[in-house]
Amino acid sequence: MHRRVAHLVGVLLVIVSAAPSAQDISRCLASLRPQAVKAGVSAAAFDRHTRAVVADPTVLERLDYQPEFRTAIWDYLAGLVDEERVTDGRRMLVEWRDTLAAVEARFGVDPATVVAVWGVESDYGRRAGGRPLVTSLATLSCLGRRQSFFRRELLATIAILEELGLDTDALVGSWAGAFGQTQFIPTTYQRVAVDFDGDGRRDLVGSVPDALGSTASYLERSGWRSGERWGLEVVLPRGFDPATAGRRNRRPLGEWAAMGVRPVDGGALPDSSSPAAVLLPAGPDGPAFLVLRNFDAIYAYNAAESYALAIAHLSDRLRGAGPFVRPWPTDDPGLSRRARRELQQRLVGRGHDIGEVDGLIGDRTRRAIQAEQRRLGLEPDGRAGQRILEALRAGG
Ligand code: CA
């Protein structure tokens, strides 16, 4: 009897908590119809694609997610530029050689850079996100922060569904609306995407040539300088003032050369009219980089220096270069995706609930690592690094 009452109360709670948000969002969506028509989406299309939408509260959780742990630059790069991604990328350079040559001829962006963006954005088309865009963006358009931003993306999504003749849920991507092999948000697709294979459709989900062409198109519009590198690892002169570093502190290359900044592998700095900046992503004790105009073009794709450095470095690795010369200032280096999966497997083996063994280090994996670090007498920083992996391998 009690159980039955509890069950009924449970059902009622679900109905009570689900109903208002579903209602709110349908009224809110209906109020967007005039904006849709103004944006060139027919009222009929807007209604057809929004009629059945129910809010997805997990999208709001992602919007408000605050990571409990900070990611060190060497951990970030160890996962994005690992041997697996380098090997896969070199294979893609061969497989798509003709397309990449045509892309370079049209947009002036070299194959290694285009493939590096592809590899970081979607793991060469393998990870593009699985959430229906309309559901996510309708939720974000009506609930939570930044609604006006997401409303433009929702209307652009519906326009794209119409352009491609797709069903409402056929376009899937990240919780924030990035989709396809280039992970463009819908308004970026509208502005930048190109039909590179010439079939009349701009298809960044199913067409590799369209995805590669659109990536190069984006970089070209962001000021890519054909034939110039992104930058390089450098050695700084003794007594270099770290306050001189920073992406916005631009100087002609000649000034850096006169200060004694040198390529890490010897020789002279490249010859370029691009103003250059020194980056010290881990401070004065880590690797130093001199970045040119093309680093900014990559940065425009996703405004984070660590992101741009990952793509820049992967592009060099795809051209045959090795890892950075100067080590990161840590005695506990980061892990590749393969090693992360092994670490997660070992955490599961020790009885931790970390969710899926997917190589993605989220808060649950971090808390499990912390618990193991405490047990083993290591510093409980929650980092997925070599030290904890080796301790668990040793059966500690
Ligand atoms: Ca196409």
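In this predicted model, Arg146 lies over the face of Phe149, at 4.6 Å from the ring centre, and the charged end of Arg247 sits over the ring of Tyr299, 3.5 Å from its centre. A charge is taken to sit over a ring if NZ of Lys or CZ of Arg is within 6 Å of the ring centre and within 35 degrees of the ring normal.

Residues are numbered from 1 along each chain as its sequence is written, and side-chain values use heavy atoms, with hydrogens and water left out. As the model is predicted, local features need pLDDT of at least 70 and side-chain atom pairs count only at pLDDT 80 or more, while totals for chains, interfaces and linings use all residues.

The structure holds 13 aromatic pairs, where rings of Phe, Tyr and Trp (its six-membered ring) pair if their centres lie within 6.5 Å, with planes under 30 degrees apart counted as stacked, over 60 as edge-to-face and the rest as tilted. Among them are the edge-to-face pairs Trp118 with Tyr124 and Phe324 with Trp328.

| Pair | Centre distance | Plane angle |
|---|---|---|
| Trp118 and Tyr124 | 5.6 Å | 90° |
| Phe324 and Trp328 | 5.9 Å | 85° |

Trp118 is buried at 3% relative accessibility, and Tyr124 is buried at 5%; buried means under 20% relative accessible area, exposed over 50% and partly exposed in between (1.4 Å probe, protein chains only). Phe324 is likewise buried, at 17%, as is Trp328, at 16%, and Phe324 and Trp328 belong to one aromatic cluster with Trp74, Trp230, Phe289 and Phe295.
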